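This report examines a single protein chain through its side-chain interactions and one of its sheets. Please consult the sequence and the structure below.

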Amino acid sequence: MILYKGEIYPNEKQGELIASLKGEMLLTLEKGETLSYLTVIDACDRLYQRVMNHEFDDVAMPLLNAVNMPFSALERYAGCFSKEGLLKKIDTELGELKNGVLSLDEDNNRFYEPLGILFHVAAGNVDLLPAYSVVEGLLVGNINILKLPTGDNGLSVMLLKELIKEAPVLKDYIYVFDVPSTEIETIKQLSALADATIVWGGDMAQSAARSFVDIHSSIISWGHKISFSYVDKNVTDEEIEALCFSVCLSNQLFCSSSQGIYVNTDNKEELHDLAKRILPIMKRVSKTLNTLPMTMKAKNTLLIYNEKLEGNGGNIYADGGVSLIVKDDQALELSYLYQNLWIKALKEEDIVRVLKPNKNLLQTVSINRGIKDKEKICSLLAKAGLVRITALGDNSRMIAGESHDGEYALRRYIRIVETIK
């Protein structure tokens with residue numbers, strides 16, 4: 001499915017439409033008009049209100065039901081399209097630049113211009129992400145080409161088409177193509193049209209981008225990250241339940257999801273005690289949410305069985321499809337995903353030494369609110385490279401104005417122009 005100038009076309013039209021794309025975008029740029037962020041925000045807010053009024057339940061509810069998520073979860077994530085949220089984003093990320101021309105000195109002014117054309121290579125682990133990536137480009141006036149992620153369910157095209165209905169001027173700023181990742185030449189062709197290629201995804205996606213991005217187009221990466229939790233013996237059962245809810249709801253597929261738990265101790269028995277506390281809570285939460293696919297449950301059963309065959313049975317706590325593995329090392333790593341957590345010892349004095357080598361992978365850490373020496377530990381985690389420190393269970397929370405992986409996206413999607421008065 002293709003979205004081109006506000007109209008839907010079948011994939012068979014791809015070659016024809018891409019051939020005319022450069023001319024269409026240059027015409028838009030040559031008009032010299034500035035797309036106001038207020039136009040974009042008002043359109044997004046009207047669409048957001050329609051979603052909240054259940055106008056799109058025929059599309060949204062099957063997606064929510066497939067992962068057993070309540071409508072309130074959609075409300076939380078869709079809030080990033082609200083007027084309040086987007087205005088706060090503009091204020092936070094652009095600051096005084098949002099006001100237009102600013103004086104640099106008595107002879108010179110400065111203002112921002114969009115990079116021009118952005119090519120978004122979206123990841124498919126969050127349904128709203130492709131559309132939101134385009135909205136970020138629109139907020140600072142860019143023309144946006146979106147390559148849909150594999151297996152996209154049609155939500156991105158629907159949202160962007162409806163956004164154009166709310167503000168028809170946006171039809172000249174949004175182009176969506178359903179290009180398989182195997183069509184490298186087509187992807188190269190689209191990238192060559194862009195001033196920057198926005199890449200969401202893991203190491204493979206980032207590596208692939210370096211092979212297809214045109215030498216005259218920069219790469220802006222929102223790459224694979226690993227997140228975790230850090231607790232001490234003061235962690236409460238209520239906090240453990242919040243963590244389990246987050247883990248089971250996301251199945252640990254988000255960059256912000258906890259893959260495991262570091263414990264501020266050097267006593268291995270405390271790790272086992274924590275695992276024994278977590279297991280029944282995690283089992284209950286998993287059963288309540290019912291978000292664990294049977295295929296992944298079977299896969300994890302085999303992985304855990306293999307761990308036991310390798311002599312690690314005494315460190316495994318598993319029941320009802322969920323599992324925890326107590327480990328002797330301190331390495332930051334992915335878990336088996338789908339409701340599996342590792343538990344490792346990491347004394348606070350070792351935080352920087354152990355975690356700093358992973359600086360390009362670090363994103364979110366959630367901690368218990370009553371953790372001893374909280375201020376010191378937060379400082380050490382920040383110095384190690386973490387960019388989000390949240391309460392347990394809040395790993396994947398969204399707050400208007402927060403950064404992407406420690407950086408402001410809008411600042412990366414503009415250039416500063418300085419000119420004489």
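Is Lys83 buried, exposed or partly exposed? Lys83 counts as partly exposed, since its relative accessibility is 35%; here buried means under 20% relative accessible area, exposed over 50%, and partly exposed in between (1.4 Å probe, protein chains only).

## Basis of the model

The model is predicted: local features need pLDDT of at least 70, side-chain atom pairs count only at pLDDT 80 or more, and totals for chains, interfaces and linings use all residues. Residues are numbered from 1 along each chain as its sequence is written, and side-chain values use heavy atoms, with hydrogens and water left out.

## Salt bridges

The whole structure contains 26 salt bridges, each defined as a side-chain nitrogen of Lys or Arg within 4 Å of a carboxyl oxygen of Asp or Glu. In one of them, Lys83 meets Asp42 with an N to O distance of 3.4 Å. This pair links distant parts of the chain, as Asp42 belongs to helix H2 (residues 37–52) and Lys83 to helix H5, 41 residues apart. Helices (H or I, at least four residues) and strands (E, at least two) are DSSP runs, numbered from the N terminus. Asp42 is partly exposed at 29% relative accessibility.

Asp91 and Lys98 form another salt bridge, at 2.4 Å from N to O. Both ends are partly exposed, with 39% for Asp91 and 28% for Lys98. Between Arg284 and Glu241, the closest N and O atoms of the salt bridge are 3.3 Å apart. Arg284 lies in helix H11 (residues 268–289) and Glu241 in helix H10 (residues 237–250), 43 residues apart. A network of salt bridges with shared partners joins Arg46, Arg50, Glu55, Glu162, Lys165 and Glu166.

## Aromatic pairs and charges over rings

Six aromatic pairs are present. Rings of Phe, Tyr and Trp (its six-membered ring) pair if their centres lie within 6.5 Å; planes under 30 degrees apart count as stacked, over 60 as edge-to-face and the rest as tilted. Phe81 and Tyr132 are edge-to-face because their planes stand at 80°, with the ring centres 5.7 Å apart. Phe81 is in the loop between helix H4 (71–78) and helix H5 (83–94), and Tyr132 is in helix H6 (residues 129–139), so the pair ties together parts 51 residues apart in sequence. Phe81 is buried at 9% relative accessibility, as is Tyr132 at 11%.

Tyr262 and Trp342 also pair edge-to-face, at 5.0 Å centre to centre and 65° between the planes. Both residues are buried. The charged end of Lys344 sits over the ring of Trp342, 4.9 Å from its centre; this requires NZ of Lys or CZ of Arg within 6 Å of the ring centre and within 35 degrees of the ring normal. Arg412 lies over the face of Trp222, 5.0 Å from the ring centre.

## An open sheet

Strands E3, E4 and E17 form an open, antiparallel sheet in the order E3-E4-E17; two strands pair if DSSP finds at least two bridges between them. The edges are E3 (102–103) and E17 (414–420), each pairing on one side only. Strand E4 (residues 108–114) pairs with E17 over seven bridges, and Asn109 has Thr419 as its bridge partner in E17.
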